[in-house]
Amino acid sequence: MSATILSWSLLTAQGLLGLAMAIAAFRMVCGPRAQDRIVSLDALYVNAMLLLLVFGIRTGSTLYFEAALVISLLGFVATLALAKFVMRGEIIE
Amino acid sequence: MTHAAELPAWAALLTSFLVLLGAGLTLIGAIGLVRLKTFYERMHAPTLGATWGAAGVLLGSIVFFSVLQSRPVLHEVLIAIFVTVTTPVTLTLLARAALYRDRSEGSTQVPPPVGTDGAAKTDIQV
């Protein structure tokens, strides 16, 4: 019984996170300015990381955790570089 | 889901609750990304996913794997610390960049730069 509840709630959580990713992608495609697109890209990264963690709970393997860690690291660097680019027009001065 | 069958009921229910809480809060933050009007308002919405959204899913993962392997599994704390430290840094930098862009375009929507004496300056400061 409890395993069924867990299975269904994990499925629901995957749906919710997928919907959140879709909404962030929509804002990224039609965001009016560059900074809107960067904020949605950051949200997309975080949502993808959480989706991978839920996949990890669902399959019971810790392999997905490594992927989530890498995504969170790369997302930070990507957003930082893009913000610097919006500020100055170049990344390495 | 064969591995979850040997999980005790309280752990399964707690994991379900935490993961659903995290996913729901992340979705609310994403909806705010679409519904809010200006960029400076929109920037606050996805931080809901970076704080309690991430914390819910990570706590659920910690409970699940700790009970399943009957030993404390704490490597999710790495992601929690990293997300907590990096999100304010990136968003502050992005807000400064957006403010700089709006000021250099002469937008009337943003406040003018303030000098050391507290008086508003008329010219654009970099």
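This is a predicted model: local features need pLDDT of at least 70, side-chain atom pairs count only at pLDDT 80 or more; totals for chains, interfaces and linings use all residues.
Leaving out residues up to four places away in sequence, A:Phe65 touches A:Leu53 and A:Gly56 in its own chain, together with B:His75 and B:Glu76 of chain B. The residue is found in helix H3 of chain A. A:Phe65 has 22 C-beta neighbours inside 10 Å and therefore counts as buried, the threshold being 20 or more.

A:Ile57 lies in helix H2 of chain A, and 25 C-beta neighbours inside 10 Å place it among the buried residues. Neighbours within four places in sequence aside, A:Ile57 is in contact with A:Leu10 and, across in chain B, with B:Thr15, B:Val19, B:Gly60, B:Ser61 and B:Phe64. A:Leu10 stands 47 residues from A:Ile57 along the chain, yet their C-alpha atoms are separated by 8.1 Å.

Helix H2 (residues 34-59) and helix H3 (residues 63-88) of chain A meet at an angle of about 175°, and their axes are 9 Å apart. This angle makes H2(A) roughly antiparallel to H3(A). The residues of the contact of H2(A) with H3(A) comprise 18 nonpolar, 5 polar and 1 charged.

Turning to chain A as a whole, its secondary structure consists of 3 helices and 0 strands, in the order α-α-α from the N terminus on. Its radius of gyration is 16 Å, well over the 12 Å that the globule rule gives for 93 residues, so chain A is more spread out than a compact globule. Along the principal axes, the C-alpha atoms of chain A fill a box of roughly 60 × 25 × 10 Å. Of the 93 residues in chain A, 44% are buried. When contacts in chain A between residues at least 6 apart in sequence are considered, 46% of them join residues at least 24 apart.

Chain B is likewise described by helices, with 4 helices and 0 strands arranged as α-α-α-α along the sequence. Buried residues account for 34% of its 126 residues. Among the contacts in chain B between residues at least 6 apart in sequence, 52% link residues at least 24 apart. The loop between H3 and H4 of chain B holds B:Ser70, a residue other than glycine whose phi is positive, near 45°. B:Ser70 counts as exposed because it has 7 C-beta neighbours inside 10 Å, where the limit for an exposed residue is 12 or fewer.

The contact between the two chains takes 51 residues from chain B and 44 residues from chain A. On the side of chain B that touches chain A, H1, H2, helix H3 (47-68) and helix H4 (76-104) each supply at least two residues. H1(B) provides the largest share of that side, at 16 residues. By type, the residues on the side of chain B that touches chain A divide into 34 nonpolar, 13 polar and 4 charged.

H2(A) and H4(B) pack at an angle of about 170°, with 10 Å between their axes. At that angle, H2(A) and H4(B) are therefore roughly antiparallel to each other. H2(A) brings A:Gln35, A:Ile38, A:Val39 and A:Asp42 to the contact, while H4(B) brings B:Thr90, B:Leu94, B:Ala97 and B:Ala98. The residues of the contact of H2(A) with H4(B) comprise 5 nonpolar, 2 polar and 1 charged.

As for confidence, the model scores ipTM 0.87 and pTM 0.86. Chain B averages a pLDDT of 84, and 88% of its residues score at least 70. In chain B, confidence is highest in helix H1 (residues 9-35), at a mean of 91, and lowest in helix H2 (residues 39-42), at 87.

Key
Residues are numbered from 1 along each chain as its sequence is written. Chains are lettered from A and ligands numbered from 1 in the order in which they are written. pLDDT is the predictor's confidence in each residue, from 0 to 100. Two residues are in contact if their C-beta atoms, placed from the backbone, lie within 7 Å. Axes are lines fitted to C-alpha atoms, for helices over the stretch in contact, and angles run from 0 to 180 degrees between N-to-C directions. Angles under 35 degrees count as roughly parallel, over 145 as roughly antiparallel, 65 to 115 as roughly perpendicular and the rest as oblique. Ala, Val, Leu, Ile, Met, Phe, Trp, Tyr, Cys and Pro count as nonpolar, Asp, Glu, Lys and Arg as charged, and the others, Gly among them, as polar. The radius of gyration is taken over C-alpha atoms; the globule rule is 2.2 Å times the number of residues to the power 0.38.
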